[in-house]
Structures are given as C-alpha cells and as structure tokens.
Amino acid sequence: MQGSAGGRVVVIGAGIVGVATALQLRQKGWETIILDRQEPGMACSFGNAGMIANDVVPPVAAPGILAKVPGYLMDGEAPLAMRLRYLPQLLPWLYRFVRASRRETYERNTRALATLLTRTQRAYEPLMAAAGAGDLLRSTGALQVFETVTAFDGARRDADFRRSLGANIEEVAAYEIPQFAKDLAPVFSGALYRPDIAYVRDPLALTTALHSLYLELGGASHRVEVERLEHRIGKRWGVMGRTSEGSDAAFETETLVVAGGAWSTGLLRGLGLRIPLDTERGYHVMLPHARPDLRLPVSTAEGAFYLTPMNGGLRLAGTVEMAGLSRPPDPRRPEAILRRARRFLPGLDERDASTWMGFRPSLPDSLPVIGPVTGLPGLFVAFGHGHLGLSLGAITGKLVAQAVSGEAPEVDLAPFRHDRF
C-alpha cells in the first residue's frame, strides 16, 4: 500500500487524464494538488475530435505498416507523416513501432486496449453527472467511411477480429450512408457503423467542468511549469518549478503522479527513467458556421480524420505527424484535411475557419503507461494515450486512484507497465 487516503498527492498535468485522476483521488479523500503550466484542458485536451470510444480500437502499429513507412517519409501531406529531418531522433521509436505491428503483438495489444476501452463511458458517467456535464455527451455511435473498395475490404476483415473481442460493428453499404450523414457526397465504397461510440460536443468544457468539481471538493490547482523532480530521503518527493509569474515554486509529497502528456518523459529522464515516448502531432480545422446534416461523427479511413459536429461548429480533427515538440506547425496538414472535407461535403461553409495543432503523447505500441514505477516508491505514471486520451481519461484516473489507495485496480495493469520496453 502506497499510503492512506488523506495523505498528499501531487498530480503533474491538467489535461483530461490529470484532471480525471486528481478528481477521483480527491473523491477518495486524498489531499490533491494539480500542477500545470497551462490552464486546465488547454493542451491536447482542447483540440481533439471529441470521441469516447468504448468498444475496441486497434493500435496504430498494425500489420502491413512497414510497407507504408517510405511513403510516410516522402509525402508531407500523408495521413501519417514522418519528417525526414526528425528521422534520426525518431528511429528508436520507429524500430519499436514496426516491431509492435507484428500480427501476434498487434492482437495482444488490441486485447489489452480493449480492457480499458470497454470501461470508458461507465467511468465517465458518474463524474459527468457530479459535474453537471452530462449534456455534453452524445451517444450517437460513429461512422467510418472508405473511399476505396480495397480499404473497405481490409477494414471488414479487421472488424471480424474486433468483433471477437466484443466490439459492435455493423457494415454499411454505400447507398445506406445517407441514413447516417445526409450531406455526405456519394464518393464512398462503404462504411462501418459503431453504435456503442459516444462523443463530447465540447472537450474543453468537459475538462473545465471536471476541474471545477475538483476545486469544489477542496482540491488545489496551480499554474506551475514543473522543471525537476527529486526523490528524497524518507520516501518523499520534491517537485520544483516556476509559477506563471516567474517565481520559484516547490512542493513536497509522499505520492506523485506524472500525467503530463507529451512532456512527461522529460521530467522522468532526470530520475533515470527512459520511456520511449514521442509525439503524434495532430491538427484540427474548426468551421464555426458549417452545420452539415451529420447526425453523428464521421471518420475517413484514408484521410485519418474525424468530422465531428460540436457546439462551436464542425471540427475536422486528426491525422498524425511525427516531428517532435519544437518544430512549428506545418500549414500543409490542415489544408490537406480541408481539401478532402470539401470533396466529402460540397458547399462547406469555411467562413472564420481556425486551425490548431496539439501534441499527442504516443508510445510505439499504442498502449499508455499506467500505474506505479518500479523501484521508486510513491511515483505513479499516467500518460502515453496517443489518440485515446479523451476516451481513456476517466478510466485511467480511476485505476491510478485505486493503485495509489492500495486497492486492487479493476484492470490488470501489467500490459501498461512503464518498463515493458
């Protein structure tokens, strides 16, 4: 047991994972402090596609991915792009990524992800109800559309495997697509409908609502950029950083949770931990005046982005760019999303469009790291959720709160160990 409820826990990270973790620790009676350099939800949690996937989502590293890597390196507008200048830094991650795409490993990792994903909505519901945010959730299902017969046939085969793990996936013929999304152009070969998927109409509002509930319950939250962690004598942790005003800040705690997304490994490296995290830079285009007749989110398989009807208009969000944390956004990425969206939705209203880029924290096997850190008592990790950060925020927080409190987590955390690499 790492401690008793009522002790102090410092949670680094105010994205959806960090906030959901701190909230559920606070509900268990822990004195909890959130530290982040930004306001809650303003990093990756701000700009995602809003999906709460609660069935079976396959890892990005899938069989056949190796043959596609050269194209990813050469085509800057590919749905998954890898920057040549970043390749030397990316190679260790890429090597593990390709190894994870082997059929046996892919299937094992898909099963592991399913143990989390099948609990996503159940984990969120009590938190949303307590925060008064239940109206943000829409249980509409989601539609994945395919432009080519080849892509559709491949997805149908993979759907059979996902159904064997409990996923509810229905095949939709091309002529049936207007029943779900009337305004989509007739340019698709078919679709897959996932009726158990939900989505959030404003991801930032969800994170903000959960954070507000956390504060109401007595939790503390500070704008601090954490710069260094220290493991001290007597099972104590020191957390040092700077406030948003530029002054020094220091905290001491027996229990520390690192949920800092793409910035997590920079902090852990100072403790001698080497976790192969990189960033999948994701983009979105927000169209505030676009109101197409889509009764559910639609994702394009070949384009690798979602068209999600949100409170603030239509959000086109997705794609992957492997280029690290320091390079500026690539304007070709949102433009490529828009070009495809124009073909799918003729007459799309693009007035007052805005673009955004965020850093998805990604591990090569698409599994997050969740749970205690071996050899460093009192240290827990909760990051690396890739495309599934919003989906997995509540269940990750629940599992970490259980582990911190000395309870047996309801999911086997072995597949998500930090040292599995």
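On a 1 Å grid over the protein atoms alone, a pocket is an open set of points where a 1.4 Å probe fits, with protein on both sides within 12 Å along at least five of seven lines, and its lining residues have an atom within 4 Å of a point. The model is predicted, so local features need pLDDT of at least 70 and side-chain atom pairs count only at pLDDT 80 or more, while totals for chains, interfaces and linings use all residues. Residues are numbered from 1 along each chain as its sequence is written, and side-chain values use heavy atoms, with hydrogens and water left out.

The second largest pocket is lined by 19 residues, and Tyr 86, Thr 265, Arg 269, Leu 277 and Asp 278 lie nearest its centre. By class, this lining divides as follows.

| Class | Residues in the lining of the second largest pocket |
|---|---|
| nonpolar | nine residues |
| polar | six residues |

Elsewhere, Asp 183 counts as partly exposed because its relative accessibility is 36%, a class that lies between buried, under 20% relative accessible area, and exposed, over 50% (1.4 Å probe, protein chains only). Not counting residues up to four places away in sequence, Asp 183 touches Pro 292, Asp 293, Phe 344, Leu 345 and Pro 346, where contact means heavy atoms within 4.5 Å. A polar atom of the Asp 183 side chain lies 2.7 Å from the backbone nitrogen of Asp 293. The C-alpha atoms of Asp 183 and Val 298 are separated by 11 Å, although the two are 115 residues apart along the chain.

Methods. Nonpolar A, V, L, I, M, F, W, Y, C, P; charged D, E, K, R; others polar. Polar contact = N/O pair within 3.5 Å; in protein donor to acceptor, adjacent residues only side chain to side chain.
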